[in-house]
Amino acid sequence: MIQLKNIFQTYGKGHVLNDVSLDIPDNAITALIGANGAGKSTLLGVASRLLPVISGDVLLDNVNIRSIKTREVAKQIAVLKQTQSIGLKVTIAELVEFGRFPHCGGRLKAVDKEKIDESINFMKLNDIRDKFIDELSGGQRQRAFIAMILAQDTKYVFLDEPLNNLDIKYSVEMMHIIRKLVKRLNKTVVIVLHDINFASAYADYIVAMKDGKIINQGAVKDMVCSDVLNNVFDHNFNIIEHMGKRVCLYYGNHSHDLIPNFNSEDEFLNQIGHNHSATELDKSIEKSRRRDFFKFQYFVDKIKSKDKKTCSNENEIESRKEGTKMN
Amino acid sequence: MRTIKVNYRPSVKLKRMIFISIIVALVFSIAFYIYSRTFAKSERLGIRMTSIAFNSIMERVVGTMIGMTVSAFIIAFVSLAFQTTTGSRILTPSMIGFDSIFIGTQTIIVFFFGTATEIFSNIYLNFVITAGAMLAVSMLMYGAILRNSKNNIVFLLLFGLILSGIIRSGSTYLQTIMDPSSFAQLQAATTVTINGMDTRLAKFLAPFMIALCLIFLSRHKTYDVLALGEDNAKNLGVNYLKESNFNLVMISLGMSISTALIGSLTFLGLLAVNITREIFKTNKHFLLFLASGLIATLALVFGQACAEMSQGSIPVTVIIDAIGCSYMFYLILKENKKL
């Protein structure tokens, strides 16, 4: 188990981490969430020995990580920061070979080769194993780096925003892979996530950070509720349950805020660009538009009269549809 | 019609072929160089080449050859190591103005101690002092900037430019108020060229430089990992701080020695390393080190032979820069087209 004890990290003036203590549960996905600058990445860096600890201790199975040789730590803990497209002429297979570096120092033995093939197959990269990594798409490159970490064969895996630059399909795929790591390979994964819904759907534990401190931690069901999240992100959350998973809606709580408000028919007509009519035809158009206004007003009232929380997406969509029709 | 461009990637066989042809080309250039120093010269001067004359020339040629080869290797190795650790393909450590530090040190010695002093006239002592000064300044610079501001290369370049500007104008000032005879001697000492290379010094330094090259080579696996960037290298159990400090010492050492020996060849390292990367398309630093060393030697020896044939009217730096520039332009344009 990895334990952090009273970690203080300072850069310049302020504390980036201010007295942080954390026990990372084994065989589970722990998601670090929080606003920008809350200290998630720093915490991940400290826990995974990428950043030297300024004050406090990081314990790996009750041994201080500072007293373990870097080579030995690399056999226990693997960490992947955001992958940049480095202009290196390295093929996927060569990149995955690097994962064995802590074990064999670059001289591959039969065991190492086996592990390399295993990881490449696990990440379904066998068809493109001889491609250079700068020829890959973002998702493929991400998978290649994960394969490297798999080849490293560590108990602990730290990932810093692995979903960055990935589209929805690859993001979901990546999270499924991470789940598989925990379930099938018994790894312990710590992951920094930006999207709370991914954390809610795939993580086991959530650690919420704010201003360099851990303000809440616990199982997903205790963490994904509006009380906690409102505090973490300083934003109002709407939480709905869908197929047993909680989904956060944070795109503005009041759906009727999105609907324009008109005080009178004339204002409405002005807004949609209707000039006062002279001809017979114009008059008939004006008539129908005035009718539209009442229709519009009817839906707006209906939406507004409803409770915030029960106001679902459907209403919003319906009213928007009406709105566009009217225009 | 659009054709799908298949990216160039050399097979192992092709790589071996290229490697062998580089060595063959190198052998020919060495022969060409020897010819340019001996028979071409005697023909031009209308003197018959005797075996005694040939031997005495060869003695000097061998010294120069050793100096050129080890310097070229050192420059290539140092450039490759620098590029790998900084993750930049456009920089070499020599761009930061080693030659100005070299000139500055010599000027200060002559200005304060005169030309008669032991530290100016004794080549070994003088070398130790100038190389030491370059080492100290570059270590300070790399240490202060590269370590504190996380590989901020632009900042390093800016700092280096400003520093070398200050040193250059400072030495120019000292040179103008110096007495003319000292100035003439100083001028002779600071315009280090390959012809003007002190072969005694070259022979003296060769074992040391070879040792430096071997240290670089023995660390090729570490460089393979360092090329992945700081975070990945740390993740793979490389003691990054230790390795990069050691690397900086090695780079400063190599640059100082080669600059003091044959002057500043800004383009050679950049050219050799980039050509090697383009040809071999690999991250295996063992291959990269050897090939870039050979290519640098080839460029230097061939360029020097051309310079000899032109009776010194075209300096070798001009030849290398001309070829290097056009090749770099080609590379940049080709890279641009791909995007």
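Predicted model: local features only at pLDDT ≥ 70, side-chain atom pairs only at ≥ 80, totals over all residues.
The crossing in which H1(B) passes H14(B) is left-handed.

I then listed the residues that meet between the two helices: on the side of H1(B) they include B:Phe19, B:Ile22, B:Leu26, B:Ile30 and B:Tyr33, and on the side of H14(B) they include B:Leu294, B:Leu298, B:Val301, B:Phe302 and B:Met309. Sorted by class, this contact has 16 nonpolar, 4 polar and 2 charged residues.

Next I checked the length of H1(B), residues 12-37: at 1.5 Å a residue its 26 residues should span 38 Å, and its end C-alpha atoms are 38 Å apart, which agrees.

Which residues in H1(B) are buried? I noted B:Ser29, B:Tyr33, B:Ile34, B:Ser36 and B:Arg37. The cover over the buried residues of H1(B) includes helix H2 (39-45), helix H3 (51-86) and helix H14 (285-309) of chain B.

Last, I turned to the contact between the chains, which takes 19 residues from chain A and 17 residues from chain B. On the side of chain A that touches chain B, helix H2 (70-76), strand S6 (77-80), helix H3 (92-98) and helix H4 (101-104) each supply at least two residues, and the largest share, 4 residues, comes from H2(A).

Technical notes:
Residues numbered from 1 in each chain as written. Chains lettered and ligands numbered in written order. Expected span 1.5 Å × (residues − 1). Buried ≥ 20, exposed ≤ 12 C-beta atoms within 10 Å, placed from the backbone. Contact = placed C-beta atoms within 7 Å. Left-handed = near helix turned anticlockwise from the far one by under 90°. Nonpolar A, V, L, I, M, F, W, Y, C, P; charged D, E, K, R; others polar.
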